[in-house]
Amino acid sequence: MKSIIRSLILLCVFAATFVSCETYSDPKVDYSPIYPLSGEWRVRIRNTNADTLVSKTSMYTLGTYNTSDNSTTQMWLRTTSNIPTFHPTSTLRTLKSKISCDVTGLSFSTTGIIQNLNVTTNAVIDTITITEGKVTLNSVSMPSGVMSDRISFKLKKSKSPGVTYLVDGYRRTRWNEDETFITFK
């Protein structure tokens, strides 16, 4: 009886060893139809007329993401952090607009004047124009040692007539040492 139980235990151990050694391939990652334009970005904003940064100590978070119909020619651009200069009298100081994009050319812009929407109510806040929008792959060396993508574009807003902003930044890595990285070139 003891030998039968011992044999069964030994058989179970061998069976578990062979079953547990099965290897699987890496899962397939499904990217957005506008990848690599889509992502979360850490950006700084420069008033090109005054040649000054909106904030010398702050980076802002910007998201670019696909539309609900998974278009390859349009994307959403949205700031997820308040930007004081954009709406000095408003409590919602953000940017949310659907803009044109070219995935193969890694570029984006507005064709004509596009509405800037309130992120909560989708009411029109003002209008914007975006020019020279581009993403450059693996072009920013981060403090964590990885290479990150760069985003840049020029922005004009109807509530800031005559002012052009240069928005410039890098794809967010989420590494702690990269979160406050401001002095990239």
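1. Start with Asp-168. This residue is buried, with a relative accessible area of 10%. Buried means under 20% relative accessible area, exposed means over 50%, and partly exposed is in between (1.4 Å probe, protein chains only). Asp-168 lies in strand β10 and Arg-150 in strand β9, so a pairing of the two ties together parts that are 18 residues apart in sequence. Their side chains meet in a salt bridge (3.0 Å, N to O). A salt bridge here is a side-chain nitrogen of Lys or Arg within 4 Å of a carboxyl oxygen of Asp or Glu. Arg-150 is buried, as is Asp-168.

2. A word on what you are looking at. This is a predicted model: local features need pLDDT of at least 70, side-chain atom pairs count only at pLDDT 80 or more, and totals for chains, interfaces and linings use all residues. Residues are numbered from 1 along each chain as its sequence is written, and side-chain values use heavy atoms, with hydrogens and water left out.

3. Asp-168 also forms a salt bridge with Arg-44, where the closest N and O atoms are 3.4 Å apart. Arg-44 sits in strand β1 and Asp-168 in strand β10, so this pair ties together parts that are 124 residues apart in sequence. Arg-44 is buried too, with a relative accessible area of 16%.

4. The side chains of Glu-40 and Arg-172 meet in a salt bridge (3.2 Å, N to O). Glu-40 lies in strand β1 and Arg-172 in the loop between β10 and α2 (176-179), so the pair ties together parts that are 132 residues apart in sequence. Glu-40 counts as partly exposed, at 28% relative accessibility. A network of salt bridges links Glu-40, Arg-172, Arg-174 and Glu-179. In total, the count comes to 8 salt bridges.

5. Step back to the layout. The protein has 2 helices and 10 strands. Helices (H or I, at least four residues) and strands (E, at least two) are DSSP runs, numbered from the N terminus. From that end, the order is α-β-β-β-β-β-β-β-β-β-β-α. Of the 185 residues, 39% count as buried. Contact means heavy atoms within 4.5 Å. Among contacts between residues at least 6 apart in sequence, 50% join residues at least 24 apart.

6. Follow strand β8 (residues 124-141). How many bridges join β8 to strand β9 (residues 147-157)? There are 9, and the two strands run antiparallel. Strands pair if DSSP finds at least two bridges between them. Ile-130 stands opposite Leu-155 in β9. The hairpin of β8 and β9 has 5 residues between the strands, and Gly-145 takes a positive phi near 100° there. Strand β8 also pairs with strand β6 (residues 107-109), in the antiparallel sense over 2 bridges. Here the bridge partner of Phe-108 is Gly-133 in β8.

7. Look inside next. The largest nonpolar core has 24 residues, and Leu-77, Phe-108, Ile-130, Ile-151 and Phe-153 touch the most other members. At least two residues of this core come from each of β1 (39-47), β3 (60-66), β4 (74-79), β5 (96-102), β8, β9 and β10 (164-171). A nonpolar core is a set of buried Ala, Val, Leu, Ile, Met, Phe, Trp, Tyr and Cys residues joined through side-chain atoms within 4.5 Å.

8. Take Ile-130 as an example. Leaving out residues up to four places away in sequence, Ile-130 touches Leu-77, Ile-99, Phe-108, Ser-109, Thr-110, Phe-153, Lys-154 and Leu-155.

9. Loops deserve a check too. Is Leu-106 buried or exposed? Leu-106 is buried, with a relative accessible area of 18%. Its place is in the loop between β5 and β6. Leu-106 and Leu-37 are 69 residues apart in sequence, and 6.5 Å apart in space, C-alpha to C-alpha. Beyond residues up to four places away in sequence, Leu-106 touches Pro-36, Leu-37, Gly-133, Lys-134, Val-135 and Leu-137.

10. Finish outside. Tyr-31 lies in the loop between α1 (2-20) and β1. Tyr-31 is exposed, with a relative accessible area of 53%. The accessible surface of the protein comes to about 11000 Å², of which 56% belongs to carbon and sulfur atoms. Accessible areas come from the Shrake-Rupley method with a 1.4 Å probe; for residues, only the protein chains shown count as cover.
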